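Colleague: Hi! I'm new to reading structures, so please walk me through this one in plain words.

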Amino acid sequence: MMHAAQHRGAEVWVSEARLLEAVNGRARALARRVRLAPSRPAGDHRWAVADRWFTDTGSEHVWVDGAYLFGVALALAAAFTI
């Protein structure tokens, strides 16, 4: 999904759940904007990627919205699903 978003001109940002915080009732994350290196299907379910598969701009605090928080909740739920 990150490649698809980047291909369509969207910025790609990454963070971790542990880097989320609430500030004055708003959600904020310490995140990095990344640029993904090209990749291609390598057969079956595998992909061929460069050793350095992304570059980043360094971390900064960004305000996040409900859609981001919903995605985090889904990822956490998937991580703990048996």
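Modeller: Happy to. One term to begin with: two residues are in contact when they have heavy atoms within 4.5 Å of each other. This is a predicted model, where local features need pLDDT of at least 70 and side-chain atom pairs count only at pLDDT 80 or more, while totals for chains, interfaces and linings use all residues. Residues are numbered from 1 along each chain as its sequence is written, and side-chain values use heavy atoms, with hydrogens and water left out.

Colleague: Does Arg35 count as buried or exposed?

Modeller: Arg35 counts as exposed because its relative accessibility is 52%. The cut-offs are under 20% relative accessible area for buried, over 50% for exposed, and partly exposed in between (1.4 Å probe, protein chains only).

Colleague: What about Gln6, buried or exposed?

Modeller: Gln6 is buried, because its relative accessible area is 12%. Gln6 lies in helix H1. Not counting residues up to four places away in sequence, Gln6 touches Val12, Val34, Arg35 and Leu36.

Colleague: You also mentioned Trp53. How many aromatic pairs are there?

Modeller: The count comes to 1 aromatic pair. The rings of Trp53 and Phe54 have centres 4.6 Å apart and planes at 65 degrees, so the pair is edge-to-face. For the rule itself, rings of Phe, Tyr and Trp (its six-membered ring) pair if their centres lie within 6.5 Å, with planes under 30 degrees apart called stacked, over 60 edge-to-face and the rest tilted. Trp53 is partly exposed, because its relative accessible area is 43%.

Colleague: Nice. Changing topic: which residues make up the largest nonpolar core?

Modeller: That core has 5 residues, namely Ala27, Ala29, Ala31, Val62 and Val64. Its largest share, 3 residues, comes from E3. A nonpolar core here is a set of buried Ala, Val, Leu, Ile, Met, Phe, Trp, Tyr and Cys residues joined through side-chain atoms within 4.5 Å.

Colleague: Why does Ala29 count as buried?

Modeller: Ala29 has a relative accessible area of 0%, so Ala29 is buried. Ala29 is in strand E3. Leaving aside neighbours within four places in sequence, Ala29 is in contact with Ser15, Leu19, Leu20, Glu60, His61, Val62 and Val64. For scale along the chain, the C-alpha atoms of Ala29 and Ala79 are 50 residues apart in sequence and separated by 20 Å.

Colleague: And where is Val64 found?

Modeller: Val64 is in the loop between E6 and H2. Val64 counts as buried because its relative accessibility is 17%. Beyond its neighbours within four places in sequence, Val64 is in contact with Leu20, Ala27, Arg28, Ala29 and Leu69. Val64 and Arg28 are 36 residues apart in sequence, with 5.5 Å from C-alpha to C-alpha.

Colleague: Now the loops. What is the phi of Asn24?

Modeller: Asn24 has a positive phi of about 50 degrees, although Asn24 is not a glycine. Most residues other than glycine have a negative phi. Asn24 lies in the loop between strand E2 (20-23) and strand E3 (26-36). At 79% relative accessibility, Asn24 counts as exposed.

Colleague: And what about the phi of Asp44?

Modeller: Asp44 has a positive phi too, near 55 degrees. Asp44 is in the loop between strand E4 (39-43) and strand E5 (46-49). Asp44 is exposed, with a relative accessible area of 75%.

Colleague: Great, thanks!

Key:
Helix = DSSP H or I, 4+ residues; strand = E, 2+ residues; numbered from the N terminus.
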